[in-house]
Amino acid sequence: MDVVIHAAHAVDVSSSLRQYAEAKVRRLDRHFDRIIDARLDLDVAGKHSVDPPKVAELHVHVNGGVVQGKVTAHGLREAVDLVTDKVDEQLRRRKERIKGHKR
């Protein structure tokens, strides 16, 4: 699975945060093995405030479509955690639907 992490100009992503986010996204393989690639976009919601909320958006390309999630949180690590949990739940439901349609 290819993982791309894209940060907007207003967001500084350290190497430790990049490694953390990539590890979290790679863990999505444990519930759904048909993942082609994933793209994580990190941004800020309000650019004019002192401590703007952080936005994490995750797009996962799978066989037959795209699963995506978008979360707003106070910190980047929290946003990454929440968006991976959201997409993980969607992938689990997708796998259950696929298994339910087999004979």
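Here are some notes on this predicted model, point by point.

1. A word on the ground rules. Because the model is predicted, local features need pLDDT of at least 70 and side-chain atom pairs count only at pLDDT 80 or more, while totals for chains, interfaces and linings use all residues. Residues are numbered from 1 along each chain as its sequence is written, and side-chain values use heavy atoms, with hydrogens and water left out.

2. Start with the overall layout. The protein has two helices and four strands (DSSP runs numbered from the N terminus: H or I of at least four residues for helices, E of at least two for strands). The C-alpha trace spans about 55 × 20 × 20 Å along its principal axes.

3. Next, what is hidden inside? Of the 103 residues, 35% count as buried; that label means under 20% relative accessible area, with exposed being over 50% and partly exposed in between (1.4 Å probe, protein chains only). Contacts here mean heavy atoms within 4.5 Å. Among contacts between residues at least 6 apart in sequence, 53% join residues at least 24 apart.

4. Now look at the largest nonpolar core, which has 26 residues. A nonpolar core is a set of buried Ala, Val, Leu, Ile, Met, Phe, Trp, Tyr and Cys residues joined through side-chain atoms within 4.5 Å. The members that touch the most others are Leu28, Leu40, Leu42, Leu58, Val60 and Leu91. At least two residues each come from β1 (2-7), α1 (15-26), β2 (35-44), β3 (54-62), β4 (65-73) and α2 (76-101), and α2 gives the largest share, six residues. In soluble globular proteins, nonpolar side chains tend to be buried together.

5. Leaving aside residues up to four places away in sequence, Leu91 touches Leu28, Phe32, Ile35, Val62 and Val67.

6. How do α1 and α2 sit against each other? Their axes come within 10 Å and cross at roughly 10° (axes are lines fitted to C-alpha atoms, for helices over the stretch in contact, with angles from 0 to 180 degrees between N-to-C directions). So α1 and α2 are roughly parallel, a label for angles under 35 degrees; over 145 is roughly antiparallel, 65 to 115 roughly perpendicular, and the rest oblique.

7. Where the two helices meet, Ser16, Leu17, Tyr20, Ala21, Lys24 and Val25 in α1 face Leu76, Arg77, Val80, Asp81 and Thr84 in α2. These residues divide into six nonpolar, two polar and three charged (nonpolar: Ala, Val, Leu, Ile, Met, Phe, Trp, Tyr, Cys and Pro; charged: Asp, Glu, Lys and Arg; polar: the others, Gly among them).

8. Finally, the charges. The whole structure holds eight salt bridges, each a side-chain nitrogen of Lys or Arg within 4 Å of a carboxyl oxygen of Asp or Glu. In α1, Arg26 and Glu22 are four residues apart, about one turn of the helix, and their closest N and O atoms are 3.2 Å apart. Arg26 is partly exposed at 37%, and Glu22 is partly exposed at 28%.

9. Arg92 and Asp88 meet at 3.5 Å, N to O; Arg92 is partly exposed at 35%, whereas Asp88 is buried at 6%. Glu96 and Lys99 meet at 3.8 Å and lie three residues apart in α2. Salt bridges that share partners also join Arg30, Asp88, Glu89 and Arg92 into one network.
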